[in-house]
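User: I would like to learn how to read helix packing and aromatic pairs in a model. Can you take me through a case?

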Amino acid sequence: MQPRNMSMSGVVDLAAVKAAQEAKAKAEQTRAETARQGGGGAVSPADLVIDVDEAGFEQEVLQRSAEVPVVIDFWAEWCQPCKQLSPVLERLAVEYDGRFLLAKIDVDANQMLMQQFGVQGIPAVFAVVAGQALPLFQGAAGEAQIRQTLDQLVQVAEQRFGLTGLVVDPDAEPGTAAPPAEMPAGPYDALLNAAAQALDAGDLGGAVQAYKNVLADDPAHPEAKLGLSQAELLQRVQHLDPQQVRRDAAEKPADVQAQIAAADLDLVGGHVEDAFGRLIDAVRRTVGDDRDTVRLRLLELFEVVGAEDPRVAAARRALARALF
């Protein structure tokens with residue numbers, strides 16, 4: 001089972017699209033359930049490094065990621081750089097004293113997981129936090145770079161999801177840690193899964209409708225709001241000719257629709273700041289209905305990226321200056 005919020009198909013490069021509030025809520029539910037069942041006790045240092053296969057991925061990685069960030073090391077016996085990187089990660093897992101869990105996945109024995117994560121070469125290192133997958137780095141990186149990446153991961157996990165890690169007891173017996181509690185199923189999981197499957201299949205209309213069905217019952221649902229914004233963005237750009245759009249935007253700086261279409265393409269391509277900057281410049285140049293049209297599209301793109309992204313906060317300040 002793959003994390004629902006990770007786009008395995010590469011349909012769109014929107015790394016900032018994270019349903020953080022939904023994932024945080026589920027993580028809190030899982031930790032509460034673990035505590036109610038008497039789980040969440042101390043673990044042995046040996047339990048901080050685990051071997052994971054496809055059968056155990058959901059329990060050992062997805063469910064565990066509601067308690068602690070899980071770093072995934074994709075490796076193989078024949079891979080020489082892996083033999084340099086893996087011991088460093090294992091040592092750091094113990095040194096970080098429960099602030100992350102290291103899951104080792106042998107790609108030769110787990111080809112499906114390798115394909116789902118889009119691994120192009122090994123070693124490759126990912127993280128899963130509260131059910132959301134994040135690429136970290138590929139190749140045998142230096143220890144200083146690895147530490148910097150892990151520090152950032154731990155900080156994000158704590159600040160955005162409240163994950164403070166596991167309690168480690170050097171005297172605990174290996175293998176005695178309580179199993180993770182089952183991830184509680186949300187009331188809209190079937191619809192959200194249907195939306196994700198529609199996106200993967202290229203059925204943008206189906207994805208839009210599935211998200212709208214959730215929002216009809218729960219208008220503030222964070223994952224559905226973000227998903228709908230993303231799906232509608234993809235709908236808008238799917239039939240555009242990128243070369244023509246960019247030519248029109250360059251030749252017609254006063255054409256509001258040309259600038260809006262180019263900004264949509266910028267965002268789909270992962271050029272978040274370019275998209276925001278283009279529309280803020282358009283706001284400065286326009287008045288009346290045209291200005292309001294640009295402003296509203298910019299607010300829609302803020303929804304796609306997510307309010308917690310620092311680029312959104314910076315763009316909101318720039319928009320306020322442009323308006324007033």
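Analyst: We take a helix pair, then the aromatic rings. Keep in mind that this is a predicted model.

User: At what angle do α10 and α11 pack?

Analyst: Helix α10 (residues 256-268) and helix α11 (residues 272-285) pack at about 165 degrees. Their axes are 7 Å apart. Angles over 145 degrees count as roughly antiparallel, so α10 is roughly antiparallel to α11. The crossing of α10 past α11 is left-handed.

User: Which residues make the contact?

Analyst: From α10 come Gln259, Ile260, Ala262, Ala263, Asp266 and Leu267. α11 supplies Val272, Asp274, Ala275, Arg278, Leu279 and Arg285. By class, the contact of α10 with α11 has seven nonpolar residues, one polar and four charged.

User: Now the rings. What describes an aromatic pair?

Analyst: The distance of the centres and the angle of the planes. Here the count is six aromatic pairs. Take Phe74 and Phe126: the centres are 5.8 Å apart and the planes lie at 85 degrees, so the pair is edge-to-face. Phe74 sits in strand β2 (residues 70-75) and Phe126 in strand β4 (residues 124-129), 52 residues apart. Both Phe74 and Phe126 are buried.

User: How are Phe276 and Phe302 arranged?

Analyst: Edge-to-face, with 5.0 Å centre to centre and 85 degrees between the planes. This pair links helix α11, which holds Phe276, to helix α12 (residues 288-305), which holds Phe302. They are 26 residues apart.

User: Why does Phe276 count as buried?

Analyst: Buried means under 20% relative accessible area. Phe276 has 2% relative accessibility, so Phe276 counts as buried. Phe302, at 2%, therefore counts as buried too.

User: Which residues form an aromatic cluster?

Analyst: Phe57, Phe74, Phe117 and Phe126 form one.

Technical notes: Residues are numbered from 1 along each chain as its sequence is written. This is a predicted model: local features need pLDDT of at least 70, side-chain atom pairs count only at pLDDT 80 or more; totals for chains, interfaces and linings use all residues. Side-chain values use heavy atoms; hydrogens and water are left out. Axes are lines fitted to C-alpha atoms, for helices over the stretch in contact, and angles run from 0 to 180 degrees between N-to-C directions. Helices (H or I, at least four residues) and strands (E, at least two) are DSSP runs, numbered from the N terminus. Angles under 35 degrees count as roughly parallel, over 145 as roughly antiparallel, 65 to 115 as roughly perpendicular and the rest as oblique. A crossing is left-handed if the near helix is turned anticlockwise from the far one by less than a right angle, and right-handed if clockwise. Contact means heavy atoms within 4.5 Å. Ala, Val, Leu, Ile, Met, Phe, Trp, Tyr, Cys and Pro count as nonpolar, Asp, Glu, Lys and Arg as charged, and the others, Gly among them, as polar. Rings of Phe, Tyr and Trp (its six-membered ring) pair if their centres lie within 6.5 Å; planes under 30 degrees apart count as stacked, over 60 as edge-to-face and the rest as tilted. Buried means under 20% relative accessible area, exposed over 50%, partly exposed in between (1.4 Å probe, protein chains only).
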